[in-house]
Amino acid sequence: MKNEFKVIADLVEKNTRVLDVGCADGVLMEFLRDNKDIDIRGLEISKNKVQKCIEKGLTVIEGNAEFDLKQFPDKSFDYVILSQTLQAFLNPELVINELLRVGKKAIVTIPNFGYWKVRLHLLIKGTMPVTKTLPDQWYDTPNLHMCTIKDFVYFVRSRNFKIFKSLALNEKNTSLINNNNLGIKNLFSDLGIFLIEK
Amino acid sequence: MNKEINLKTLLVKKPLKLDCGKTINNFPIAYETYGSLNEKKDNAILVFHALTGDQFVAGLNPITNKDGWWSYAVGPNKSIDTNKYFVICSNVIGGCLGSFGPSHKDPDTQKIFGTNFPVITINDMVNAQYNLIEHFGIDKLFSIVGGSMGGMQVLQFISNFPDKAQTVIPIACTSSHSAQNIAFNELGRQAIAADSNWNEGNYNIKDTIPNKGLAVARMAAHITYLSKKGLQEKFGRKLQEREDLKFSFDADFQIESYLRHQGSVFVDRFDANSYLYITRAMDYFDLAKQFNGNLSDAFKDTKAKFFVISFTSDWLYPTQENKDIVIALNAIGADVGFAEIESDKGHDSFLLDVPEFLSALKNFLDKSYAAVK
């Protein structure tokens, strides 16, 4: 399981109800169910990945986060997880609001466009960055609203959401983000993980 | 309707109060079972059949000498694996394969019921079938499964008996018959009524059955079970055993011949009055209405695990109507999964060889069974 999922799993308390939005083939869901006694549900748009989840005995609903989160009542989950898909929505703010309505807390991870390799790619090559976390070309990327760790922190603050924990990941290391190191973490991390609440 | 074959039948002695107000008792339910019930009696699956189905869900149907209606899904090593599970399926009341229906004699008058048979509902069908669970001494079914009208029975069953099933699988169905659904059923009923042999339901099953009207009803309904794309790909404008158009009203096109065939084989195995009664039961089905318009309340007392399945090309019970069930369940935090299966085979997809559907059904059942073990 990838490092990002391990960090997310550590943020989730045992014996809770969790919704994984864009759960893909259910790797994180399976881990949470088997290791943390989580009552876990997934929402996934890809038919193929829905089948993969069913193969694992996971409860998954085929659907689209932008339309199908509405059906869940307020605060019906302890946590709602959104891993690296916020940037792919037409209206990310609407999705964030929905996550925070449905979940008591939300865990959002974002690929960091402020990562030095991304910046260097654009600076030196002058073409849209292609990295491990951003593997697609500009014309076939699902990403519509790329942001940096700093952008996301500023956004969350501007909406007066509470940030419980901000973590920065690069290939090997996980570290805490705070006010003093925000600039540095924004430069040296390829992924940001945030535990937030409305 | 060959009655010489020995059908397994449970005679229900307990009175059953029907939605129409009448009470029936000492009535037969014809059923069939597959596989064997284990010692703990925790491996039973109740399968509900659709409009024209019967208890012969798998193996060879002894009446038609064809495969059971859900042979793709039910049998040894299949999605509903009879090596593992004990499958029960019964003919609905109002039906014509041994269960109490309009072709039976009214015990009071000794005359065939015909349209004097009480109007029955999905609720009545389910309450009648519950007697089978008691008959087998099953405290809790592992699963209840059904497509189309079978799915409606699944929803009604778990609403009536919230702690009697571990898992619940409504397939290609709806919680409420739409105007379009009612319209198509009415077309079928009127086709039967327009056949002079029908005679207000008082026909002689042995010789003067309203087979023309029933055949037309089946032809019209059959179109609603298929998709436009599926029909076009299978038949297109292909001609039936001829080089060119005959400038007549024979079946020039393969699709005409196909529909005529569907109609004619149907009348050999189905009773016209049963068709009226069962389509009526479907039309009356509105689960939310039973709970003052709140569908979620139908499921509020159950802890069962739901898996709702729809098909992309099903326009009779489209994905949105299946999703409405999912939405109602999510509104109360129920354990519900949902998958829309890609298929161009229309509403009939659930009865056919659609591999993604069959594997999803198998995986859901087997993983759920392993989890409760």
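Me: What makes the numbering, lettering and cut-offs here what they are?
Reply: Residues are numbered from 1 along each chain as its sequence is written, and chains are lettered from A, with ligands numbered from 1, in the order in which they are written. As the model is predicted, local features need pLDDT of at least 70 and side-chain atom pairs count only at pLDDT 80 or more, while totals for chains, interfaces and linings use all residues.

Me: What is the mean pLDDT of chain B, and what is the ipTM of the complex?
Reply: pLDDT is the predictor's confidence in each residue, from 0 to 100. Chain B has a mean of 96, and 99% of its residues reach 70 or more. For the complex, the predictor gives an ipTM of 0.92 and a pTM of 0.95.

Me: How do you know whether the radius of gyration of chain A agrees with a compact globule?
Reply: The radius is taken over C-alpha atoms, and the globule rule is 2.2 Å times the number of residues to the power 0.38. For 198 residues that rule gives a value near 16 Å; chain A has 16 Å, so the two agree. The C-alpha atoms of chain A fill a box of roughly 45 × 35 × 30 Å along the principal axes.

Me: Why is strand 5 of chain B called largely enclosed?
Reply: A residue is buried if 20 or more other C-beta atoms lie within 10 Å of its own, exposed if 12 or fewer, and partly exposed in between, with C-beta atoms placed from the backbone. In strand 5 (residues 44-48) of chain B, 5 of the 5 residues are buried, so the rest of the structure largely encloses this strand. B:Ala44, B:Leu46 and B:Phe48 point one way, B:Ile45 and B:Val47 the other.

Me: What makes strand 5 of chain B a partner of strand 10 of chain B?
Reply: Strands (E, at least two residues) are DSSP runs, numbered from the N terminus, as are helices (H or I, at least four). Two strands pair if DSSP finds at least two bridges between them. Strand 5 and strand 10 (residues 86-90) of chain B have 4 bridges in the parallel sense, and B:Val47 has B:Cys89 as its bridge partner. Strand 11 (residues 141-147) of chain B also runs parallel to strand 5, with 4 bridges; there B:Val47 stands opposite B:Val145.

Me: How many residues of chain B are in contact with chain A?
Reply: Contact requires C-beta atoms, placed from the backbone, within 7 Å. By that test, 19 residues of chain B are in contact with 14 of chain A. Helix 9 of chain B supplies the largest share of the chain B side, 7 residues.

Conventions:
Two residues are in contact if their C-beta atoms, placed from the backbone, lie within 7 Å.
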